[in-house]
Amino acid sequence: MSALPDLRALSIFAAAEEAPDAPALVDGEEILTYRALAAAVRARIEGLERAGLDAAAAATGERLAIVGRPDRSVCVSLLAALELGMPVVMLHPRWTASERASALSIARSRLVLDAEHPDGNAGRAGRGPSFS
């Protein structure tokens, strides 16, 4: 049986160290460098950790729910979850509140990230705060 590859080599932070000014993400007219993308991911990780979702929570099976929209925030959230080793549950942005609540109940996710509802008043189905 072969050994697993060193996943740290796939880290956005490793890429930012190797080529900080190289283009990493195109968002409309804006091109983010690996340095800028890594900074955004680090900020998102800090927000998740303040909400109690860190590597230790991931190890216990905690899941992060993300409303899948075609925007930079979703990319940043996915990269942050990957850095933490956090499983992700993707929610369709057109789901009704009932459908979203059902998915969150099944997934046992207590936090929903939704860029369109950064105030936390929508998209959470009583499970925890939302933030972009």
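Modeller: The answers below go from the chain as a whole to strands, salt bridges and the surface. Please keep in mind that this is a predicted model.

Biologist: Understood. How many helices and strands does the protein chain have?

Modeller: There are five helices and five strands in the protein chain. Read from the N terminus, the elements follow the order α-β-β-α-α-β-α-β-α-β.

Biologist: And what share of the residues is buried?

Modeller: Of the 132 residues in the protein chain, 35% are buried. The chain exposes about 7800 Å², and carbon and sulfur atoms supply 55% of that area.

Biologist: What percentage of the contacts between residues at least 6 apart join residues at least 24 apart?

Modeller: That percentage is 52% for the protein chain.

Biologist: Let us turn to strand 5. Is it mostly covered or mostly uncovered?

Modeller: Strand 5, residues 109–113, is mostly covered, with four of its five residues buried.

Biologist: What lies 3.2 Å from a polar atom of the Ser109 side chain?

Modeller: It is the backbone oxygen of Leu111.

Biologist: How do strand 3 and strand 5 run, parallel or antiparallel?

Modeller: They run parallel, and four bridges join strand 3, residues 63–67, to strand 5. Within this pairing, Ile66 stands opposite Leu113 of strand 5.

Biologist: Now to charges. How many salt bridges are there?

Modeller: The count comes to five salt bridges. One of them is between the side chains of Asp21 and Arg35, at 2.6 Å from N to O. This pair links distant parts of the chain, 14 residues apart: Asp21 is in the loop between helix 1 (12–18) and strand 1 (23–27), while Arg35 is in helix 2 (residues 34–50).

Biologist: Why does Asp21 count as exposed, and why does Arg35 count as partly exposed?

Modeller: Asp21 counts as exposed because its relative accessibility is 54%, and exposed means over 50%. Arg35 counts as partly exposed because its value is 45%.

Biologist: Which residue forms a salt bridge with Glu30?

Modeller: Glu30 pairs with Arg72, and their closest N and O atoms are 2.7 Å apart. Here too distant parts of the chain are linked, since Glu30 is in strand 2 (residues 30–33) and Arg72 in helix 4 (residues 72–84), 42 residues apart. Glu30 is partly exposed at 38% relative accessibility, and Arg72 is partly exposed with a relative accessible area of 27%.

Biologist: And Asp114 with Arg69: what is the N to O distance in that salt bridge?

Modeller: The N to O distance between the side chains of Asp114 and Arg69 is 2.8 Å.

Biologist: One last topic, the surface. Which residues make the nonpolar patch?

Modeller: Leu78, Val88 and Met90 make a nonpolar surface patch of about 200 Å². Val88 is found in strand 4, residues 88–91.

Biologist: Why does Val88 count as partly exposed?

Modeller: Val88 counts as partly exposed because its relative accessibility is 31%.

Methods:
Residues are numbered from 1 along each chain as its sequence is written. This is a predicted model: local features need pLDDT of at least 70, side-chain atom pairs count only at pLDDT 80 or more; totals for chains, interfaces and linings use all residues. Side-chain values use heavy atoms; hydrogens and water are left out. Patches are made of residues with over 30% relative accessible area and no salt bridge: like charges are joined within 9 Å, nonpolar side chains (Val, Leu, Ile, Met, Phe, Trp, Tyr) within 5 Å. Accessible areas come from the Shrake-Rupley method with a 1.4 Å probe; for residues, only the protein chains shown count as cover. A salt bridge is a side-chain nitrogen of Lys or Arg within 4 Å of a carboxyl oxygen of Asp or Glu. Helices (H or I, at least four residues) and strands (E, at least two) are DSSP runs, numbered from the N terminus. Buried means under 20% relative accessible area, exposed over 50%, partly exposed in between (1.4 Å probe, protein chains only). Two strands pair if DSSP finds at least two bridges between them. Contact means heavy atoms within 4.5 Å. A polar contact is a pair of N or O atoms within 3.5 Å; within protein, one must be able to donate a hydrogen and the other to accept it, and residues adjacent in sequence count only if both atoms are side-chain atoms.
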